Amino acid sequence: MKQKIMELNSRIKEALQDWMGDGVLWRVAAIVLPLYILLVIVLGVYWSFTPEIPATRYMQQDASLAVVGTATSSALIDVSEVLLDKPGGFISNDVTPPGLFMDNMPAWEYGVLIQVRELSRSMRESFSRSQSQSREDRDLAKSEPRFNFSNNSWAVPASESEYRQGIKYLKAYRQRLSDAGDPQAQFYARADNLRFWLAGVESRLGSLSQRLSASVGRPRLNTDLANDPNARQSTPAPSDERVKTPWLEIDNVFYESRGTAWALICFLRAIEIDFADVLADKNAEVSMRQIIRELEGTQQAMFSLMVLNGSGFGLLANHSLVMASYITRANAAITDLRDLLSQG
């Protein structure tokens with residue numbers, strides 16, 4: 001057996017020499033290739049670290065002196081810049097190693113990007129408009145479509161260039177907010193505007209909770225038409241089905257949820273400043289802080305090298321179910337907050 005292995009090594013060496021010649025080229029390749037592979041592995045591990053929640057400027061300023069809307073605008077700008085400028089940059093559209101072979105960080109980026117899109121849409125459609133018939137802000141109208149550009153475009157144009165254009169227009173809007181000579185730039189901190197954004201957040205978190213819980217695969221009753229006897233749907237659906245996340249997608253759903261929660265922590269802290277009077281009027285400050293605390297639980301360090309998928313009460317942990325627990329509690333708290341904001 002040992003002799004066969006030695007013969008195989010000898011044949012490989014001879015083949016490399018025939019291909020590369022008897023010079024130093026094959027020796028250089030034998031050194032450079034392992035070093036390149038090691039470098040790719042090290043970069044891949046380093047780029048996989050989740051960035052810290054940015055210590056944004058608006059957290060240090062006096063809320064009573066700040067212009068309303070500055071905190072939320074700054075949070076959106078800061079989160080977008082971290083998404084592009086973190087170690088490794090924006091990885092989702094990479095076509096070279098190690099980004100090409102990574103899937104957890106792109107899933108995290110997608111979770112953050114979805115929340116950036118949700119908030120930029122709310123900024124354009126709700127926060128900056130006094131009523132449904134009012135005119136939309138010119139900078140936000142240009143910014144929001146940029147963030148909805150595809151996240152896997154490598155060039156012509158690259159995803160990063162579109163997102164940076166969106167950031168540029170956001171900064172222009174923030175600058176105009178502080179300009180007393182430009183009354184066209186406004187941010188309306190009202191309960192109905194906050195409920196509009198929270199409705200989108202609630203829907204996203206509800207979907208993530210279902211996808212995370214499906215990691216173990218359990219029968220699910222069809223409740224699509226429940227509570228409405230006249231409700232109809234396009235095509236028939238089974239009344240009972242088994243929903244299970246494919247094995248190769250479990251870690252992607254986990255990291256997408258982690259990225260979603262990461263972005264929401266930043267945004268909710270800013271919302272807490274801009275909507276301080278609204279929350280105080282509804283006695284909802286504690287409710288907002290509880291949502292943030294639940295989401296902070298999703299950012300705890302994970303000591304396992306991979307996302308474990310134990311079966312419920314089995315011997316192994318199930319990280320997806322733990323994540324689903326935090327997401328579900330945050331989602332329930334958002335539902336309660338929306339109900340509280342709707343009260344007169």
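## Terms and model

A pocket is an open set of points on a 1 Å grid over the protein atoms alone, where a 1.4 Å probe fits and protein lies on both sides within 12 Å along at least five of seven lines; lining residues have an atom within 4 Å of a point. A volume is the space filled by probe spheres set on the points.

This is a predicted model, in which local features need pLDDT of at least 70 and side-chain atom pairs count only at pLDDT 80 or more, while totals for chains, interfaces and linings use all residues. Residues are numbered from 1 along each chain as its sequence is written, and side-chain values use heavy atoms, with hydrogens and water left out.

## Largest pocket

The largest pocket has a volume of about 790 Å³. It is lined by 26 residues, and Ser48, Asn104, Tyr255, Met302 and Ser304 are the closest to its centre. Helix 8 (250-274) supplies at least two lining residues, as does helix 4 (104-127); helices are DSSP runs (H or I, at least four residues) numbered from the N terminus. The largest share, 5 residues, is from helix 8.

## Second largest pocket

The second largest pocket holds about 230 Å³ of space. Among its 13 lining residues, Arg135, Glu136, Asp137, Arg138 and Gln184 are the closest to the centre.

## Nonpolar core

The largest nonpolar core has 70 residues. Such a core joins buried (under 20% relative accessible area, 1.4 Å probe, protein chains only) Ala, Val, Leu, Ile, Met, Phe, Trp, Tyr and Cys residues through side-chain atoms within 4.5 Å. Helix 8 gives the most to this core, 15 residues. Trp197 and Phe267 have the most contacts inside it.

Technical notes:
Buried < 20%, exposed > 50% of the residue type's maximum accessible area, 1.4 Å probe, protein only.
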